[in-house]
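Thanks for coming. I have one model to go through today, and I will keep to the packing.

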Amino acid sequence: MALSKNQAKLIQEAVGLAGKELEGKLKPYPGRPKRNAYAHLYKAIKDTMGRSYKDCEYFEVQQIMDIIEFYTNNPDA
């Protein structure tokens, strides 16, 4: 079963808070003078889960939240 709108909103809010916390903490990347912390988190979710959070199942929400927490605590990972 797909994510509900409430679950998707919960993930978006978590990325929003984590993104604010990560601003200015990401390592420089060649060709990108300023890193987008929000895009970094969404890419981490996609790389780990193999698909966008929107395409994940309802039972994967906790795993996605764990990914967000991990990258917030380990910005250089």
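Predicted model: local features only at pLDDT ≥ 70, side-chain atom pairs only at ≥ 80, totals over all residues.

Residues are numbered from 1 along each chain as its sequence is written, and side-chain values use heavy atoms, with hydrogens and water left out.

The axes of H1 and H3 come within 10 Å and cross at roughly 5 degrees. Axes here are lines fitted to C-alpha atoms, for helices over the stretch in contact, with angles from 0 to 180 degrees between N-to-C directions. H1 and H3 are therefore roughly parallel, a label for angles under 35 degrees. On the H1 side, the contact (heavy atoms within 4.5 Å) includes Leu10, Ile11 and Ala14, and on the H3 side Ile64, Met65 and Ile68 are among the residues involved.

Next, the core. The largest nonpolar core has 20 residues, and Ile11, Ile45, Tyr53, Ile64 and Ile68 touch the most other members. Such a core is a set of buried (under 20% relative accessible area) Ala, Val, Leu, Ile, Met, Phe, Trp, Tyr and Cys residues joined through side-chain atoms within 4.5 Å. Not counting residues up to four places away in sequence, Ile68 touches Ile11, Ala14, Val15, Ala18, Leu41 and Ile45.

Last, Tyr42. Tyr42 sits in helix H2, residues 37-49; helices are DSSP runs of H or I, at least four residues, numbered from the N terminus. Tyr42 and Ile11 are 31 residues apart in sequence and 9.9 Å apart in space, C-alpha to C-alpha.

Notes: Helix = DSSP H or I, 4+ residues; strand = E, 2+ residues; numbered from the N terminus. Buried < 20%, exposed > 50% of the residue type's maximum accessible area, 1.4 Å probe, protein only. Parallel < 35°, antiparallel > 145°, perpendicular 65-115°, else oblique.
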